Structure formats: C-alpha cells, structure tokens
Amino acid sequence: MDNIKNNKVLKIVIRVAIFLVVTIALVLFLLIGIVRIALKGPSEAFKDQFVMFAYETSALKKLPKMFLKDEEVEAIIAKNLMPEVEEGTVSDEDLIVINTETDADEEPISIEEITGGTYHGYMMTVLDPSRIFMGKVDSFGETTGWVVKEFCDKYGAVGGVNGGEFFDAGSYSYTALPVGGVISQGEAVYENNNAGSWNLVCMTNDNKLLLLKGYSVQAALDMNVRDAVHVKHETGPFLIIDGEPLEVPDTSVYGGGKNPRTAIGQRADGAILLCCIDGRQASSLGATFKEMIDIMKDYGAVNAACMDGGTSTQMVYEGEVVNNPYSPTGPRRCPTAWMVAGGD
C-alpha cells in the first residue's frame with residue numbers, strides 16, 4: 001500500500017515538474033518572440049527605445065546583441081546618448097541669486113507628483129540650498145552600500161535621494177564602492193586616482209549647484225566646493241547648464257531609454273530641485289534623458305544633472321520612501337546620497 005501511495009506522489013511531483021518546465025519554456029519562448037518582433041519589426045523608434053532601455057540596465061545590457069548585429073546596436077546607442085560637454089566646462093554661479101527672504105506662500109520643503117505620457121514620479125523642492133549635502137556610507141569598499149533611508153538615519157536628515165554611481169560589472173556589483181570622486185561636507189572622501197577627470201555635480205560653500213566637466217576632487221575643492229559626486233556621462237549626464245538644455249544629437253530620437261531616473265537641479269533663486277521618476281512598471285515605464293530635461297526646465301532649473309538611476313532611484317522624506325522603486329527586494333543600495341538636513 002505504501003509503495004502505491006509513494007508511486008502516486010512521485011507521479012504527481014513529476015507531472016508538476018513537467019508542467020512547470022513546459023510553462024517556463026513557453027513563457028521564455030513568448031518573451032523571446034516579443035523581443036525579436038520588437039527589434040526586427042517596422043517601428044524604428046520602438047527598437048531604439050528597447051535597445052536603450054536594455055543598455056541602461058546591468059542585467060539586460062547584452063540582450064539586444066542576441067538579435068541585432070553589434071554595429072547596429074552600437075549605432076542606436078550612439079545616436080541616443082546625450083551629448084558630452086567640453087572638458088573644462090564650469091557652470092556660471094552668478095546666474096544663481098539665493099533668495100534669503102521667507103516666502104509665506106511656499107513651503108520650506110514641498111513634494112509634488114509628476115505625471116507624463118509614460119512616467120510618474122515626484123519633485124521635492126527645498127527652498128534653502130544650505131540644507132543640501134552629500135551623505136556617504138561609513139566605509140567605501142567592495143561591499144554593500146545603504147538605501148537612502150539609512151543615510152537619512154545616519155545624518156538625521158529629513159529627506160534625500162540617491163547619489164552617484166557605483167561599481168557594477170553586471171554579474172556582480174559593489175554598491176559601497178563609488179566610481180569617480182566624492183566630496184562630503186568639505187572633505188575629500190574618495191577618488192579612484194589622484195589625477196581624476198570627473199563629471200562632478202557639486203554644492204559650493206556659497207550653496208550653489210555647480211557642474212564641472214573634467215576636474216579632479218582637489219580641483220573642485222580649490223573652486224570652493226563643499227559636496228560633490230561623479231556620475232558617468234552615459235548613465236547620469238548633465239541636463240541643463242546655465243539655463244540652456246543640452247540637445248539630443250538626433251532629433252528623431254528621445255535621448256536615452258525609458259527608465260527610472262533621479263536628478264538634481266537648482267532654480268535661479270537658489271531653491272534645490274530633487275526629482276525621482278519611477279520606471280519599468282505598468283504604471284510608469286520611465287523617462288528618457290530628454291524628458292528629464294523638460295521636467296527640470298519646467299520647474300525652473302538653471303543647472304541640472306541626472307544621478308545614478310534604474311533600481312537606485314529612490315526618494316525619502318520623513319522616514320518614508322516616497323516613490324515606488326523598481327525592485328522586488330526594495331530600493332537598491334548605494335554608496336552616496338544627497339541629503340536634506342533637518343530643520344524648521
């Protein structure tokens with residue numbers, strides 16, 4: 001009798017296993033078919049967006065090359081990348097005149113929902129730019145970083161967003177190991193080498209957002225910078241410099257794929273803009289770099305730049321995650337984050 005029961009159980013297990021294997025195989029076959037149609041189909045715009053979406057992820061970066069020639073993928077990436085600014089570029093601090101008078105009609109910190117054709121997100125406006133500084137993990141290295149809420153807990157900050165990028169090889173990453181240079185509260189805390197030439201997004205001692213192209217950490221300190229982080233051009237480009245939006249080289253495309261994005265900017269009156277756009281979800285596919293330019297411009301940014309995006313994108317305020325990060329395990333860990341100091 002026991003043998004009969006055991007055989008029945010074994011048969012059921014085998015049937016379930018076969019069902020699962022067949023189902024997974026069919027789903028994979030369907031997904032591959034959809035990807036193939038997307039990349040080989042008649043819509044060039046959709047193909048471009050799919051390639052850029054995959055290019056900006058660590059897990060799917062190589063997917064388009066399974067269906068397209070390397071040369072075609074590289075051509076699509078080249079025409080969708082944001083233009084690089086010239087070495088030695090320094091944004092004009094004189095365009096920022098910080099308003100020191102209290103405006104009763106505007107909250108010191110406000111958060112507004114943003115909705116576009118394919119994206120949903122949030123804009124945090126901080127009137128006092130002196131409250132913005134760069135937070136960092138206790139120790140940089142080949143280990144695990146923090147989510148933004150942990151940065152807020154460490155510094156007693158009322159809010160913040162994720163900062164610069166980290167080492168990510170695709171198959172593995174060190175989320176506590178920055179790429180480039182980092183300055184935190186007036187101190188040089190990290191640099192890959194002493195002769196670094198970085199895209200630095202900075203806050204000066206005069207509380208102005210400064211964009212530097214091709215500068216080392218020491219050079220930034222010599223320029224009155226108190227906080228800074230590097231973001232690689234491909235993943236976190238400058239968006240607006242001295243009130244002028246950067247133009248996408250090919251007007252038939254949008255600049256970047258539709259993905260989660262984080263950006264920081266500053267208005268002419270000194271107010272800081274922190275933006276997080278959700279992505280890779282049914283409710284929000286994400287935004288391109290061109291769309292990030294339009295968002296930051298609409299909110300009055302004189303200077304603006306993207307931070308690391310994707311699963312890193314996260315905004316925290318008063319102990320709660322404001323946006324909806326794309327990750328089944330919660331927001332991704334990072335080595336740095338822009339903090340909003342507590343206060344009235």
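Guide: Let's start with a term: a polar contact is a pair of N or O atoms within 3.5 Å, where one must be able to donate a hydrogen and the other to accept it. Keep in mind that this is a predicted model. Take Asn303, whose side chain reaches the backbone nitrogen of Asp242 at 2.7 Å.

Visitor: Where is the place of Asn303?

Guide: Asn303 sits in strand E16. The cut-off for "buried" is under 20% relative accessible area. Asn303 has 1% relative accessibility, so it counts as buried.

Visitor: Which residues is Asn303 in contact with, leaving aside its neighbours within four places in sequence?

Guide: Among them are Ser91, Asp92, Leu209, Leu211, Ile240 and Ile241. The list also includes Asp242, the residue whose backbone nitrogen the Asn303 side chain reaches, as well as Ile264, Gly265 and Gln266.

Visitor: How far apart are Ile96 and Asn303 in sequence and in space?

Guide: Counting along the chain, Ile96 and Asn303 are 207 residues apart, but from C-alpha to C-alpha they are 9.3 Å apart in space. Ile96 lies in the loop between H3 and E1. With a relative accessible area of 2%, Ile96 is buried. Skipping residues up to four places away in sequence, Ile96 touches Lys208, Gln266, Arg267, Ala268, Gly270 and Val302.

Visitor: OK, on to charges. How many salt bridges does the structure hold?

Guide: Here's the general idea: side chains of opposite charge can pair when their charged atoms come close. This structure holds twelve salt bridges. One of them is formed by Glu87 and Lys213, with the closest N and O atoms 3.7 Å apart. Glu87 is in the loop between helix H3 (70-80) and strand E1 (109-115), while Lys213 is in strand E10 (residues 209-215), so this pair ties together parts that are 126 residues apart in sequence.

Visitor: Is Glu87 buried or exposed? And what about Lys213?

Guide: Glu87 has 54% relative accessibility, so it counts as exposed. Lys213 has 9%, so it counts as buried.

Visitor: Which residue forms a salt bridge with Arg267?

Guide: That's Glu106, and the closest N and O atoms are 3.3 Å apart. This pair links distant parts of the chain, with Arg267 in strand E14 (residues 261-267) and Glu106 in the loop between H3 and E1, 161 residues apart. Arg267 counts as buried at 15% relative accessibility, and Glu106 is partly exposed at 26%.

Visitor: Where do Lys149 and Asp153 lie?

Guide: Lys149 forms a salt bridge with Asp153, the closest N and O atoms being 3.4 Å apart. Both residues lie in helix H4 (residues 148-155), four residues apart, which is about one turn of the helix. Elsewhere, salt bridges that share partners join Glu84, Glu87 and Lys213 into one network.

Visitor: How far away is the nearest side chain of opposite charge to Asp308?

Guide: It belongs to Arg332, 6.1 Å away. The cut-off for a salt bridge is 4 Å, and Asp308 is buried yet has no salt bridge. Asp308 is in the loop between strand E16 (301-306) and strand E17 (315-317). The Asp308 side chain does have a polar contact of 2.9 Å with the side chain of Ser312. Leaving out residues up to four places away in sequence, Asp308 touches several others, including Asn162, Glu165, Phe166, Val231 and Thr262.

Visitor: And empty space? How many cavities of 30 Å³ or more does a search of the whole structure find?

Guide: Rolling a probe the size of a water molecule over the atoms shows where empty space is left. In this structure, the search finds one cavity of 30 Å³ or more. The largest cavity holds about 60 Å³ of space. Its lining includes Pro83, Glu84, Val85, Asn199, Lys213, Val231 and His233.

Visitor: Last one: backbone angles. What is the phi of Asn207?

Guide: Asn207 has a positive phi of about 65° although it is not a glycine. You'll find Asn207 in the loop between strand E9 (198-204) and E10, and at 18% relative accessibility it counts as buried. Asn224 also has a positive phi, of about 75°, and it is not a glycine either. Asn224 is in the loop between helix H5 (217-222) and strand E11 (225-230), and it is partly exposed, with a relative accessible area of 30%.

Note on methods. Residues numbered from 1 in each chain as written. Predicted model: local features only at pLDDT ≥ 70, side-chain atom pairs only at ≥ 80, totals over all residues. Heavy atoms only, no water. Helix = DSSP H or I, 4+ residues; strand = E, 2+ residues; numbered from the N terminus. Buried < 20%, exposed > 50% of the residue type's maximum accessible area, 1.4 Å probe, protein only. Lys, Arg positive; Asp, Glu negative; His and termini not counted. Contact = heavy atoms within 4.5 Å. 1 Å grid on protein atoms, 1.4 Å probe; cavity = no way out; pocket = protein on both sides within 12 Å on 5 of 7 lines; lining within 4 Å. Points joined across faces, edges and corners; volume = space filled by probe spheres on them.
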